[in-house]
Amino acid sequence: TRKESSAASDVYKRQYLLNNYTDDIKVSDISDHMFVNRSHLSRVFKSYYNTTIQNALQQIRINAAANLL
């Protein structure tokens with residue numbers, strides 16, 4: 001169904017961040033990779049995770065750095 005497809009897509013977006021957080025990635029890189037509009041991606045991500053892609057990426061990087069300490 002469309003809802004299941006959307007949920008799988010949201011998981012994929014988060015997984016993309018987790019797999020590529022060490023790279024200098026931008027929202028446009030993710031949207032290009034997923035073949036979706038950058039604004040749409042940002043809006044959907046924020047509605048699903050209640051944070052922006054940039055903030056999620058920053059939090060992933062902070063957690064990774066903290067694990068290295």
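Helices (H or I, at least four residues) and strands (E, at least two) are taken here as DSSP runs, numbered from the N terminus. The structure is a predicted model, so local features rest on pLDDT of at least 70 and side-chain atom pairs on pLDDT 80 or more, while totals for chains, interfaces and linings use all residues. Residues are numbered from 1 along each chain as its sequence is written, and side-chain values use heavy atoms, with hydrogens and water left out.

The overall picture is a simple one to start from. The chain holds four helices and zero strands, and its elements run α-α-α-α from the N terminus on. Its accessible surface (Shrake-Rupley method, 1.4 Å probe; for residues, only the protein chains shown count as cover) comes to about 5,100 Å², and carbon and sulfur atoms account for 51% of that. Of the 69 residues in the chain, 26% are buried; buried means under 20% relative accessible area, exposed over 50%, and partly exposed in between (1.4 Å probe, protein chains only). Contacts are heavy atoms within 4.5 Å. Among the contacts in the chain with a separation of 6 or more, 51% come from residues 24 or more positions apart.

The interior comes next. A nonpolar core is a set of buried Ala, Val, Leu, Ile, Met, Phe, Trp, Tyr and Cys residues joined through side-chain atoms within 4.5 Å. The largest such core has 12 residues: Tyr 16, Leu 17, Ile 25, Val 27, Ile 30, Met 34, Leu 41, Phe 45, Ile 53, Ala 56, Leu 57 and Ile 60. At least two residues of this core are supplied by each of α1 (2–20), α2 (27–34), α3 (38–49) and α4 (53–68), and the largest share, four residues, comes from α4.

At its start, a side-chain oxygen of Asn 37 reaches to within 2.8 Å of the backbone nitrogen of Ser 39. The expected span of a helix is 1.5 Å times one less than its number of residues; for the 12 residues of α3 this gives 16 Å, and the end C-alpha atoms are 16 Å apart, which agrees. Leu 41, Val 44 and Phe 45 are the buried residues of α3. Seen down the helix axis, they fall within an arc of 100 degrees, so they line one face of α3; the arc is that of the directions from the helix axis to the C-beta atoms. The face turned away from this buried side carries the exposed residues Arg 43 and Ser 47.

Helix α4 can be read in the same manner. Its 16 residues should span 22 Å at 1.5 Å a residue, and its end C-alpha atoms are 23 Å apart, which agrees. Ile 53, Ala 56, Leu 57, Ile 60 and Ala 64 are buried in α4. Down the axis of α4, these buried residues fall within an arc of 100 degrees, so they line one face of the helix.

Ser 31 is buried, with a relative accessible area of 3%. Not counting residues up to four places away in sequence, Ser 31 touches Val 36, Asn 37, Arg 38 and Leu 41. Ser 31 and Leu 41 are 10 residues apart in sequence, and their C-alpha atoms are 6.5 Å apart in space. A polar atom of the Ser 31 side chain lies 3.0 Å from the backbone oxygen of Ser 28.

Two loop residues complete the account. Phe 35, in the loop between α2 and α3, has a positive phi near 60 degrees although Phe 35 is a residue other than glycine. Phe 35 is exposed, at a relative accessible area of 75%. Asn 50 follows α3 with a positive phi near 60 degrees and is found in the loop between α3 and α4. With 67% relative accessibility, Asn 50 counts as exposed.

Technical notes:
Polar contact = N/O pair within 3.5 Å; in protein donor to acceptor, adjacent residues only side chain to side chain.
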